[in-house]
Amino acid sequence: MGLRVAAWLVGRGARRLILLGRTVPPPRREWAQVGDQQTLARIAAIQALETAGATVRCVAADVTDHEQMRRALDPDALDLPPIRGCVHAAGSADNWLMRDLDDERIRSVMAAKVGGALILHELFPPGRLDFLVLFSSAGQLLNLPGQSAYAAANAFLDGLARHRRADGAQDTISLAWTSWRGLGLSVSAAAINAELNARGTADLTAEEALLAWERVSMTAEPNLAVLRVQRDSLRGSEPVLLRELRPVDTTPAEQAAIWSTPRGPELLHQLRDQIRAAAADALKIPPEKLQDKQPLREQGIDSLLAVTVRQQLEQRLDIGLSQTLLWEQPTIAAIADHLAAEHGDPPA
């Protein structure tokens, strides 16, 4: 993402860039001997920036280390003019439910975003820059599962942008991005896209994301969410953030006929049938091959297919379901019991 942003800035007139990260390409004299494909791609991107007329300095530093950052961004040491703009896109992701978090996991996720942003805030107080752009995430606005620490780190960036604006400076904006297609931190793009689609949203190409950034760069708002909204997919289970964006003629779906079934064994039986059918459809197997009391994970439902099953159940039952439903209720029988209990019919 950093190299894509750098190319975009050069295309808009930037002529001196510092690319800072934990690691940098080897010295230029060694570029001809490089064999690693990822390093070669980075070198090619840097050469493209220089061909476009930019002077590029690659600097290795830990964004969470104040002294390293101070030295790395010293314009005199780099033989460059004073820094006038900064993009803070560092971060790490680690998917854990809140109940499974510990101090180490929280710190590992928050360090780069929170610690790095605070150091930049100290090195470049409000009013010192033409722009400070903080890369936040829309995950916490969309209730994506497993992002407790990551959501907190991004919410901090949003708050920091508001804090800097409160002093009267207009140089800071925090952009809560949706997923950039093929880029960024997502461990499984397919799983992330399934979660986005379940909420009536989708990813963006890098070009679309950067165009959105250009459109809001002069806004008076200190933080904004950048999303693709699929309005026809908003069915009532979408996050609160998006509910006012439903098409005007959308009316709530009639309650599924299953909920008119008398409470008791018959309802549980029908719920199990619906859950079994949804899981079988996701696995492309006959429903009778699935066991009601064996964990679905052991029967082939991975994290991506769990999203598909949940979406199917929402459509079949006309209800919104928790993103963690299949994590917390691992079997068909447990899911049926849980749904019956949620609708006022606790299992015997």
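Student: Leaving aside neighbours within four places in sequence, which residues is aspartate 203 in contact with?
Tutor: Please keep in mind that this is a predicted model. With those neighbours set aside, aspartate 203 is in contact with Thr178, Ser179, Arg181, Asn193, Leu196 and Arg228.

Student: Which of its side-chain partners makes a polar contact with the side chain of aspartate 203?
Tutor: That partner is arginine 181; the two side chains make a polar contact at 2.9 Å.

Student: Where does aspartate 203 lie, in terms of helices and strands?
Tutor: Aspartate 203 is in the loop that runs between β6 (201-202) and α8 (206-216).

Student: And is aspartate 203 buried or exposed?
Tutor: Aspartate 203 counts as buried because its relative accessible area is 9%, and buried means under 20%.

Student: Changing topic, which residues touch the most other members in the largest nonpolar core?
Tutor: That core has 27 residues, and Trp259, Leu271, Ile301, Val309, Leu317, Leu326 and Leu339 touch the most other members. At least two residues of this core come from each of α9 (265-283), α10 (303-317), α11 (325-328) and α12 (332-342).

Student: Which helix gives the most to this core?
Tutor: Helix α9 does, with nine residues.

Student: What is leucine 339 in contact with, leaving aside neighbours within four places in sequence?
Tutor: The contacts of leucine 339 are Trp259, Leu271, Ile275, Leu317, Ile319 and Leu321. There is also a second, separate core of 22 residues, and among its members are Met69, Ala72, Leu78 and Leu134.

Student: How many disulfides does a search of the whole structure find?
Tutor: The search finds zero disulfides.

Student: What about cysteine 86, buried or exposed?
Tutor: Cysteine 86 is buried, because its relative accessibility is 14%. Cysteine 58, in turn, is partly exposed, with a relative accessible area of 32%.

Student: What does methionine 110 touch, not counting residues up to four places away in sequence?
Tutor: Methionine 110 touches Gly115, Ala149, Ala152 and Ala153.

Student: How far apart are methionine 110 and serine 92?
Tutor: Methionine 110 and serine 92 are separated by 18 residues in sequence, and their C-alpha atoms are 7.8 Å apart in space.

Technical notes. Residues numbered from 1 in each chain as written. Predicted model: local features only at pLDDT ≥ 70, side-chain atom pairs only at ≥ 80, totals over all residues. Heavy atoms only, no water. Core = buried A, V, L, I, M, F, W, Y, C linked by side-chain atoms within 4.5 Å. Buried < 20%, exposed > 50% of the residue type's maximum accessible area, 1.4 Å probe, protein only. Helix = DSSP H or I, 4+ residues; strand = E, 2+ residues; numbered from the N terminus. Contact = heavy atoms within 4.5 Å. Polar contact = N/O pair within 3.5 Å; in protein donor to acceptor, adjacent residues only side chain to side chain. Disulfide = S-S within 2.5 Å.
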